[in-house]
Amino acid sequence: MEKMELAEQIYNASHLTGTFRLRSGKQSDQYFDKYLFESDPKLLAAIAEKLAPLVPPGTEVLAGLEMGGIPVATALSLKTGIPAAFVRKKAKEYGTCKLAEGIEIAGKNVCIIEDVVTTGGQILLSAEDLKQHGANVHAVVSVIEREAAGRDNLEQAGLAFYSLFTMDELLAAAK
């Protein structure tokens, strides 16, 4: 599937209009319901196919952020053969008490996987948490770059940022 055909399919499957409050607190009149494209096996496989070349060489663990980054990281792990870890917003307080479930992250080169990036706020928090648990975090890969502020914030924090689509590309695909 060509990239712009994929953009059109993501748009058709997940673009909503109305009034939405984003995680950043901002209001928006359009929203991409990521779970609509993440729950479609054909779309998710096509997304993983296109994301795979964006994963930096030397990546040893794909860290999917709770909750939307987890299906993307899983599909990308299947495509690339790179093991995945599933990162909680807060380490659970029972059982293993882990922040990151799955493959060990300590001492590994970890690439954070996210679905949609607006300001990058949760990514920055999770990157710091992962580093405190011994991970070497230098890059982030996402499906949708909603706002340039996210890229700016991530790059200012020293994280390389790669996205499959910008919001403008998805909107252009609909036309």
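This is a predicted model: local features need pLDDT of at least 70, side-chain atom pairs count only at pLDDT 80 or more; totals for chains, interfaces and linings use all residues.
Residues are numbered from 1 along each chain as its sequence is written. Local features need pLDDT of at least 70, side-chain atom pairs count only at pLDDT 80 or more, and totals for chains, interfaces and linings use all residues, while side-chain values use heavy atoms, leaving out hydrogens and water.

Q: In what order do the six strands form the open sheet?
A: Strands are DSSP runs (E, at least two residues), numbered from the N terminus, as are helices (H or I, at least four). Two strands pair if DSSP finds at least two bridges between them. The pairing here is mixed, and the order is β5-β4-β3-β6-β7-β8.

Q: Which are the edge strands?
A: An edge strand here pairs on one side only. The two are β5 (100-102) and β8 (160-166).

Q: Which residue of β4 is the bridge partner of L65?
A: β3 and β4 pair in the parallel sense. Four bridges join them. The partner of L65 is V87.

Q: What angle does the direction of helix α5 make with that of β6?
A: Helix α5 (residues 121-132) packs on the sheet, touching β3, β4, β5, β6 and β7. Contact means heavy atoms within 4.5 Å. Axes are lines fitted to C-alpha atoms, for helices over the stretch in contact, and angles run from 0 to 180 degrees between N-to-C directions. The angle is about 160 degrees.

Q: Why does the end-to-end distance of α4 agree with a helix of 12 residues?
A: The expected span is 1.5 Å times one less than the number of residues. For residues 69-80 that gives 16 Å. The end C-alpha atoms agree, because they are apart by 16 Å.

Q: Which residues of α4 are buried?
A: Buried means under 20% relative accessible area, exposed over 50%, partly exposed in between (1.4 Å probe, protein chains only). The buried residues of α4 pack against elements including α3 (41-51) and β3 (61-65). They are G69, V72, A73, A75, L76 and S77.

Q: At what angle do the axes of α3 and α4 cross?
A: The two axes come within 9 Å. L44, A48, E49 and L51 of α3 meet P71, V72, A75, L76 and K79 of α4. The crossing angle is roughly 65 degrees.

Q: What is the relative accessible area of S142?
A: S142 sits in strand β7. Beyond four places away in sequence, S142 touches L51, E114, D115, V117, F161, Y162, S163 and L164. S142 is buried, at 0%.
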